[in-house]
Amino acid sequence: MSPDDLPPDDLEPPRGREPAIRVVMMPRDTNALGTIFGGVILSHIDLAAAIEAHHYHHGRVVTVAMDEIVFKKPVLVGDLVSFYTETVRVGTTSVTVKVSVWARRRFGSSEYVPVTEAQVTMVAVDDQFQKVPIRRRESP
Ligand SMILES: CC(C)(COP(=O)(O)OP(=O)(O)OC[C@H]1O[C@@H](n2cnc3c(N)ncnc32)[C@H](O)[C@@H]1OP(=O)(O)O)[C@@H](O)C(=O)NCCC(=O)NCCS
């Protein structure tokens, strides 16, 4: 994915959809430059994908793959960051989830910034960490 594949800046984040996670970035989340550490965003992407996968599978899931991630804009301290999820595929043992990340600039700004998008595949596992079939639920 290149930055050009991401939504343009004048787009608005998904309306009427609840994000899987919404979190305010704090000074503890920064890198040496003072902006938000990419690993913090990745960690929330991972969690958001697991939350979405649990709509389809009741039990343990682990991350097997995350596609290429491009950070289009920096995330800043105080930004309210939302992680929207969408199921792409429910397979035999896996659920693939698209996670779209949007930052609302701090102090309730009306500026929304598309930060990144990622596709994450979660695999259902048992208590020995062996893959198991998805226990499908009728609907999310
Ligand atoms: C997840 C794990 C149990 C899968 O075991 P495996 O024997 O390699 O499984 P398979 O290759 O048969 O793949 C299982 C599913 O994952 C999917 N998958 C595997 N590799 C993938 C990849 N690179 N991208 C997308 N999907 C992938 C397969 O398509 C399959 O899905 P399906 O059954 O729904 O069709 C094993 O790889 C593992 O334990 N990985 C570590 C997971 C972990 O600890 N993650 C946390 C980060 S450290």
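Strands E3 and E4 form a hairpin, with 3 residues between them; strands here are DSSP runs of E of at least two residues, numbered from the N terminus. The structure is a predicted model, in which local features need pLDDT of at least 70 and side-chain atom pairs count only at pLDDT 80 or more, while totals for chains, interfaces and linings use all residues. Residues are numbered from 1 along each chain as its sequence is written.

E3 covers residues 80–90 and runs antiparallel to E4, to which 10 bridges join it; two strands are taken to pair if DSSP finds at least two bridges between them. Tyr84 has Ser100 in E4 as its bridge partner. E4 also runs antiparallel to E5, and 11 bridges join these two strands. Opposite Val101 stands Thr116 in E5.

E4, residues 94–104, is mostly covered, with 9 of its 11 residues buried. A residue counts as buried if 20 or more other C-beta atoms, placed from the backbone, lie within 10 Å of its own.

The ligand is surrounded by 13 residues, of which the closest are Ala65, Gly91, Thr92, Thr93 and Ser94. By class, the shell has 6 nonpolar, 6 polar and 1 charged residues. Ala, Val, Leu, Ile, Met, Phe, Trp, Tyr, Cys and Pro count as nonpolar, Asp, Glu, Lys and Arg as charged, and the others, Gly among them, as polar.

Methods
Near = placed C-beta within 6 Å. Buried ≥ 20, exposed ≤ 12 C-beta atoms within 10 Å, placed from the backbone. Helix = DSSP H or I, 4+ residues; strand = E, 2+ residues; numbered from the N terminus.
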